[in-house]
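Hi there,

Here is the structure I promised to pass on to you. Please open it first, and then read my notes below with the model in view.

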Amino acid sequence: MADCIFCKIGRKEIPSKIVYEDRQVVAFEDIKPQAPIHTLVISKGHFATLNDVGAEEEGLLGHMMLVAARVAKDKGLDKEGYRVVANCLEAAGQSVFHIHLHLLGGRRFAWPPG
Ligand code: AMP
């Protein structure tokens, strides 16, 4: 998508602090971190929300989760714990309409979430 900010990050058309990249995904630091560690994992392909991802993308979604866990381990969060979140649509707080996982760590998190 030409005007999608996360597509632009994936294509390196706008700068970001990339911590991991492969054929399917990019992981980079959130510009407005909500925790000491706040990294986003995006797909390179454009899907506006989780509602737009078909069953054929099961592998992609699984890969995104595994990349989040890998980055968590790289950042030393695997022992103390971390949270992985996907917001879908406005009621959940989605503000960028390109699927992404939030990897959050480095502090304690409340449950249920706000
Ligand atoms: P969400 O609200 O779940 O859609 O999450 C979108 C996230 O993207 C927010 O945490 C924003 O701070 C983050 N974000 C927006 N623009 C950028 C950017 N250019 N670089 C890094 N993170 C961004």
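Predicted model: local features only at pLDDT ≥ 70, side-chain atom pairs only at ≥ 80, totals over all residues.

You will find Lys12 in the loop between α1 (5-10) and β1 (18-21). Its phi is near 65°, a positive value in a residue other than glycine.

Leu89 also has a positive phi, of about 70°, although it is not a glycine. This residue sits in the loop between β4 and β5, and with 35% relative accessibility it counts as partly exposed.

One more backbone feature is worth a look: the peptide bond from Trp111 to Pro112 is cis, with omega near 5°. Pro112 belongs to the segment after β5.

**Gln94**

Let me take you back to the loop between β4 (83-85) and β5 (100-105), where Gln94 is found. Is Gln94 buried or exposed? Its relative accessible area is 6%, and a residue is called buried under 20%, so Gln94 is buried.

The side chain of Gln94 reaches two backbone atoms that you can pick out on screen. One is the backbone nitrogen of Leu89, at 2.7 Å, and another is the backbone oxygen of Ala48, at 3.0 Å. Leaving aside residues up to four places away in sequence, Gln94 touches Ala48, Thr49, Asn87, Cys88 and Leu89.

**The strands around β3**

How many residues of β3 are buried? The count is 7 of its 7 residues, so the strand is mostly covered. Ile37, Thr39, Val41 and Ser43 point one way from β3, while His38, Leu40 and Ile42 point the other way, and all are buried.

β3 pairs with β2 through 5 bridges, and these two strands run antiparallel. In that pairing, Glu29 has Thr39 in β3 as its bridge partner. β3 is also joined to β5, by 6 bridges, again in an antiparallel arrangement. There, Ile42 stands opposite His100 in β5.

**The nonpolar cores**

The largest nonpolar core has 17 residues, and the members that touch the most other members are Tyr20, Val25, Val41, Met64, Val67 and Val71. At least two residues of this core come from each of β2 (25-29), β3 (37-43), α2 (58-74) and β5. The most is given by α2, with 6 residues.

Not counting residues up to four places away in sequence, Val71 touches Val19, Tyr20, Ala27, Thr39 and Leu103. There is also a second, separate core of 9 residues, which includes Ile9, Val26, Phe28 and Leu40.

**The ligand**

Which residues are the closest to the ligand? They are Asp30, Asn87, Gly93, Ser95 and His102, out of 17 residues that surround the ligand.

A polar side-chain atom of His102 lies 2.8 Å from an oxygen atom of the ligand. A polar backbone atom of Gly93 is 2.9 Å from an oxygen atom of the ligand, and a polar backbone atom of Ile31 is 3.1 Å from a nitrogen atom of the ligand. On its own, the ligand has 500 Å² of accessible area, and the protein covers 85% of that area.

Enjoy looking around!

Best wishes

Note on methods. Residues numbered from 1 in each chain as written. Heavy atoms only, no water. Helix = DSSP H or I, 4+ residues; strand = E, 2+ residues; numbered from the N terminus. Buried < 20%, exposed > 50% of the residue type's maximum accessible area, 1.4 Å probe, protein only. Polar contact = N/O pair within 3.5 Å; in protein donor to acceptor, adjacent residues only side chain to side chain. Contact = heavy atoms within 4.5 Å. Core = buried A, V, L, I, M, F, W, Y, C linked by side-chain atoms within 4.5 Å. Near = heavy atom within 4 Å. Areas by Shrake-Rupley, 256 points an atom, 1.4 Å probe, with all protein chains shown as cover. Pairing = 2+ DSSP bridges.
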